[in-house]
Structures are given as C-alpha cells and as structure tokens.
Amino acid sequence: MSFLSPAFLWGLLTLIPLIGIYFLKVRPRRQQTSAYFLWEKVLEERRSRALFRRLRDLLSLILLAMAFVFVVLALADPVREGGPHEDVVLVIDASASMQAGDPSRFTRAKAVARKRILGMRGHQRAAIATWANDLHLHAHLTADPRALLASLDDLKPTALPGPRGALGESPPTRVLITDRFHDLPETVEQIAVGRQEANIGIVAADLQALPDGELGLYFQLVSTFGEPVRIDITLRHEATDTLGKVIAVEVLPGTNAPEVYRLASALRGAWLLQVEQTDALPLDNVVPLVVTKRPPIRVGVALEEGYFFQQAILSFAEHSGLALEVDDPDVVLTLGQVSEAERSLVFQPDGESPWWHGLGDDLDNPVPVVTTAGHPALRYLDVSSMRFDGARAMTAPDDAVVLVASDRGVPLIYESQRESQRVIVVNMDPALTESRLSPWFPVLIHGAATHLAGQTASYRSAYATGEWISLPPSARVIAPDGQEHNMGGEGVYGPLDAIGVHTIDLEEGVPSRAFGVGLLNATESLLGAGQSESPSGTRTAASLPWSWWLTLFAIGILVVESILYHRRRVG
C-alpha cells in the first residue's frame with residue numbers, strides 16, 4: 001500500500017496530546033464540611049458506578065480515536081501498490097452496436113465512466129475519448145471532474161462500425177468501456193457493458209434496374225434470436241410512398257442465406273428496405289437503396305458516311321445510355337479534324353491541328369500497350385484484341401494523357417484538354433481496319449463518350465457506414481441532414497457516417513447522382529454474439545477508492561459514539 005498524500009499522516013501525531021488530555025485527572029479541591037453524613041451516601045453511589053463509567057469513557061475515547069485515524073488516512077488517500085491511481089484515458093466504444101438495448105449500451109458505458117470520474121483521487125488526471133472508426137479525443141488530461149463530466153454528457157454514439165485501429169500501449173493507461181471484448185494488449189483494461197439481446201439486421205442489400213425494365217432486389221439478414229422468427233420485409237418507394245413489395249421471411253439464428261427477388265416496377269430514385277420487427281437495434285432495420293436512371297448521352301456523328309458509327313451508338317441505345325443526336329449532341333464523333341463542340345471523339349487525325357503534332361508515315365502493325373491502367377474510357381475495352389491499322393507516327397500535346405501507345409511509344413489513344421474543350425483522339429483509320437466490325441469498336445465509342453460526358457462514375461445503390469467512395473474533385477455532396485461537403489480537390493469522401501440518402505452534385509451540365517448509406521455490418525448487427533469469456537485484464541465494474549470507504553467508516557463510528565454520549569448524558 002502507498003499514499004498519494006502522505007503528508008497528512010503527520011496528523012496522527014495530534015492523537016498523543018489529545019489522549020493525554022483525555023486521561024488527565026483534575027485533583028479535586030478539599031473542602032471541609034460539618035455534614036459529612038449527608039455526602040457519604042452520594043460518594044458511595046459514585047464509587048459503585050465509577051468502573052462502568054471509566055470503561056464507557058474509554059470506549060468513547062477508542063471510537064473517537066478510530067474515527068480520527070480513519071479521517072487522517074482518507075486525507076492521505078491510500079492506494080494499492082500498482083493500483084489505478086495514475087493518469088488514465090477513459091475510452092468509450094461509440095460504434096453502432098452500442099445503441100442496442102434500453103437503456104442503450106452507450107448510456108450504460110457513460111454511467112461506468114461517470115463512476116470512474118467521481119472515484120478519481122485528488123492528484124489523478126483523466127481524459128475522455130470515443131473509439132469507433134477511429135479514436136477521437138474529447139477531453140484532454142485534467143484533474144477537474146466537472147470538466148470531464150461535462151464532456152461525458154456531450155458524447156453521442158455513431159452509426160460507424162468498429163472499433164478499428166490501435167489504442168496504443170504507452171502511458172497514460174487506457175480503459176476501454178465496450179460491449180464486446182477486443183484483441184488488445186493486457187495493459188488496456190476492458191470493461192464490459194453488453195449483454196445478449198435479440199436482434200435482426202440487414203447486413204447486405206442491393207437494388208438494380210434489370211434490362212427488361214423491372215428491378216432486382218438482393219438482401220441478406222442475420223439474427224441473434226435463439227429460434228427461427230417469421231417477419232415481413234417491406235420495400236417502399238420514398239418519394240411516392242408506394243409499397244413495392246412485402247416479403248415474408250423466416251429468419252434463422254445466425255447468418256442467413258441471401259434472398260433475391262424481382263420487382264415489377266419502373267420507379268427510379270430512393271427505396272427503403274425495412275425489417276418490420278421490434279428488436280434491440282433499430283439502426284440496422286432500414287437500408288435506403290437508390291436506383292438511378294441516367295439521362296442518355298447524346299452523341300452526334302459529323303460524317304457524311306457515318307453508318308458504322310451510327311450503328312455503334314445505336315447498339316448501346318436501349319440499356320447503356322447512348323442516343324443518336326443531330327441538333328444538340330453532348331459528344332461529337334468526327335474523322336480527321338476536331339469539331340468545335342466542347343467534347344469530341346476523333347478518329348484518324350489528319351492535317352495540322354493543335355491537338356497533335358508531327359504527323360508522319362503509317363505504322364507497321366503497331367502492338368497496343370495500355371499506358372494508363374484503369375482509365376474510365378478503357379474500363380470494358382480489351383486493348384490487346386484491337387487492331388490499329390492506319391495509325392501514323394505522331395506526337396501528342398504536352399498536357400495529353402496517353403491511354404494506349406504502340407510498342408514504340410507512339411500514342412494510339414490519348415485525351416487532351418484546351419480551355420473548355422475535351423478531346424479523345426484515336427490514332428487509327430476505321431476504313432482500313434476490321435475493328436469497326438468487331439465488338440470492341442462500339443465498346444470503344446461507348447467508353448469514350450461516357451467519359452467525355454462525365455458519366456463514367458458508377459455508384460452502388462447502397463454503401464455501408466465507414467466506407468469511403470471516390471468522387472470527382474469538383475463534386476459536392478449533400479448529406480441526409482442537409483449539410484454540404486465540398487470535395488475541395490480531394491477526390492474521396494468518407495468515412496460515411498450518416499444513414500440515409502446522399503446526393504452528389506457534379507460539374508455543371510452533368511445530372512446529380514445519389515446513393516444510400518446503411519449500417520450493413522454483420523459484426524454490429526450480431527451485437528457481439530458468441531463472446532462469453534473476458535480476456536485477461538478486463539473488469540466489469542469500477543470500485544470506489546479506499547479514501548471513500550475510510551470516510552464512511554469514520555462517519556459511522558462518530559454516529560455510534562454520539563449515541564453512547566447521548567445515553568451517558570441522559571443516564
């Protein structure tokens with residue numbers, strides 16, 4: 001045992017004069033009297049009660065001395081050697097599963113943290129942090145309980161999965177208050193607040209438009225119920241409040257097999273997939289699914305003999321978003337020279353142009369090599385199967401992005417931009433090659449047109465919380481609560497922490513997009529099921545400090561002594 005404030009132990013020395021005064025006898029003054037026989041009976045009665053009175057006074061002295069010792073020891077703040085009297089960081093698990101139960105696990109975790117804060121010694125400091133997708137510090141190390149309690153009251157749980165990342169092992173000590181145990185160093189104390197609760201959750205979901213115009217629905221459920229449960233799953237269109245489908249499902253304990261259904265509806269937009277069941281965690285009962293209908297990309301053909309180009313466009317017209325346009329096209333297909341349109345796809349470059357330099361002789365059987373892997377214009381293209389007959393020696397502009405080059409470094413497909421104009425140049429002569437008769441020719445036109453029109457980004461109908469998604473650097477995201485987030489050139493958005501429909505505003509002239517966000521996490525929906533044993537170093541409750549118990553004992557002793565003193569006075 002050690003003491004955090006050992007200076008107070010010097011107060012025990014004051015017991016010596018106090019006890020001395022207690023035993024100090026005052027010699028009575030002698031006084032002569034002529035009526036001794038009147039006092040004799042009184043003195044005999046006092047002598048008969050003297051022994052009992054001395055014993056009772058001695059007991060009162062012992063009780064008062066014990067109370068004094070306990071008060072002094074409480075002020076000295078005793079602690080066990082190696083006990084939790086050092087600085088500590090109280091880390092509360094703020095992941096989605098902490099919202100389960102009534103009261104919620106997060107509420108119970110805050111109650112445990114509050115007890116630890118109220119039990120702090122005078123010299124002990126603490127900090128408060130939450131742990132979900134990452135570790136966030138909410139209150140720095142301080143010995144002020146009021147500041148810690150105020151910060152604790154402001155904490156809110158999140159919809160994020162977790163926890164993830166590391167807590168660290170260096171001082172100060174970490175105390176994790178969580179609903180399930182984690183593989184952490186033994187130096188991290190884990191306090192469990194979770195208990196087994198019944199829950200059903202959606203852990204995977206998707207909704208897509210099928211080629212025949214119907215919608216295809218996919219979802220998967222997990223359950224912590226101890227027996228099979230029959231429930232209804234509903235799919236409702238959010239804007240029109242149209243009930244699209246009601247599915248009766250028998251949910252088995254654990255992870256269930258995926259379910260696939262068709263929906264005879266052509267409605268696009270946001271749909272809500274919902275579990276119609278009251279359980280421990282409502283957060284995983286609803287998933288928004290967004291089916292986006294893109295407007296067709298209008299492609300114009302600026303050629304007199306453009307039959308093959310027109311057929312390539314029409315082959316993607318029904319389900320892939322290309323439309324043949326004459327008056328106001330989004331992308332213009334040309335041969336030889338770049339059109340004045342803002343977006344152009346040019347085959348067989350010819351003549352003088354700022355979009356290429358140094359046109360030379362034809363190349364002899366160039367072997368295509370992809371130089372910009374993963375470019376959206378090449379997403380579905382098998383470049384190695386293409387022929388580039390009629391390709392000529394040339395040089396691309398300095399700012400061009402070469403997508404495909406020959407084995408000798410001559411650009412075969414490249415993208416360039418000058419002010420507001422964007423152009424993709426394809427170094428081949430379609431009239432001299434059989435490429436226009438192969439399936440790769442319309443695929444090339446489709447990929448280049450969708451990229452130039454800014455519609456290459458493909459977003460899922462729903463994402464899980466905690467995920468990151470790639471967006472154009474100029475995009476603006478509107479969260480379900482109406483808050484706007486400008487990408488600011490970063491190109492990634494996340495972690496996704498708000499359940500609902502997120503809207504993406506792209507560059508001017510490009511229609512906005514949307515996607516849904518749900519919990520979609522089996523670990524969170526299972527609520528830590530199957531974890532029954534605590535790892536070493538874990539605790540389930542926090543005890544009061546010894547100084548509190550010593551103070552309570554001192555108060556109790558004083559109460560007992562006061563009762564004896566009252567009886568002595570009355571007697």
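Visitor: How do H5 and H6 stand to each other?
Guide: H5 and H6 are roughly perpendicular to each other; that label covers angles of 65 to 115 degrees, with under 35 counted as roughly parallel, over 145 as roughly antiparallel and the rest as oblique. Helices (H or I, at least four residues) and strands (E, at least two) are DSSP runs, numbered from the N terminus. This is a predicted model, in which local features need pLDDT of at least 70 and side-chain atom pairs count only at pLDDT 80 or more, while totals for chains, interfaces and linings use all residues. Residues are numbered from 1 along each chain as its sequence is written, and side-chain values use heavy atoms, with hydrogens and water left out.

Visitor: What angle and axis distance go with H5 and H6?
Guide: Helix H5 (residues 307-314) packs on helix H6 (residues 440-452) at about 70°, and their axes are 9 Å apart. Axes are lines fitted to C-alpha atoms, for helices over the stretch in contact, and angles run from 0 to 180 degrees between N-to-C directions.

Visitor: Which residues make the contact?
Guide: From H5 they are Phe308, Phe309, Ala312 and Ile313, and from H6 they are Phe441, Pro442 and Ile445. Contact means heavy atoms within 4.5 Å.

Visitor: How many of those are nonpolar, polar or charged?
Guide: The contact of H5 with H6 has 7 nonpolar residues, no polar and no charged. Here Ala, Val, Leu, Ile, Met, Phe, Trp, Tyr, Cys and Pro count as nonpolar, Asp, Glu, Lys and Arg as charged, and the others, Gly among them, as polar.

Visitor: Which strands does H5 lie across?
Guide: H5 lies across strand E16 (297-301), E17, strand E18 (331-335) and strand E19 (343-347), and runs at about 140° to E17.

Visitor: And what does H6 touch?
Guide: H6 packs on the sheet, where it touches E16, E17, E18, E19, E22 and strand E23 (421-426). The direction of H6 makes about 155° with that of E19.

Visitor: What is the strand order in that open sheet of 8 strands?
Guide: The order is E17-E16-E18-E19-E23-E22-E21-E20, with mixed pairing. Two strands pair if DSSP finds at least two bridges between them. Strand E17 (322-324) and E20 are the edges; each has a single partner strand, so one side of each lacks a neighbour in the sheet. From one strand to the next the twist averages 25°.

Visitor: How many bridges join E21 to E22?
Guide: There are 4, and E21 runs antiparallel to strand E22 (residues 411-418).

Visitor: Different topic. How many residues are in the largest nonpolar core?
Guide: That core has 33 residues, and Leu333, Phe347, Val426 and Ile445 have the most contacts inside it. A nonpolar core is a set of buried Ala, Val, Leu, Ile, Met, Phe, Trp, Tyr and Cys residues joined through side-chain atoms within 4.5 Å. Buried means under 20% relative accessible area, exposed over 50%, and partly exposed in between (1.4 Å probe, protein chains only).

Visitor: Which element gives the most to this core?
Guide: H6 does, with 7 residues.

Visitor: What about Ala400, buried or exposed?
Guide: Ala400 is buried, at 17% relative accessible area. Ala400 sits in the loop between strand E20 (368-370) and strand E21 (401-406). Beyond four places in sequence, Ala400 is in contact with Tyr414, Glu415 and Ser416.

Visitor: Backbone now. Where is Glu419?
Guide: Glu419 is in the loop between E22 and E23. Glu419 is not a glycine, yet has a positive phi of about 55°, and at 78% relative accessibility counts as exposed. Gln348, also not a glycine, has a positive phi of about 50°; Gln348 lies in the loop between E19 and E20 and is partly exposed, at 27%.

Visitor: What joins Asp102 and Pro103?
Guide: A cis peptide bond, with omega about 0°. Pro103 is in the loop between strand E3 (88-93) and helix H3 (105-118). Another cis peptide bond joins Gly494 and Pro495, with omega about -5°.
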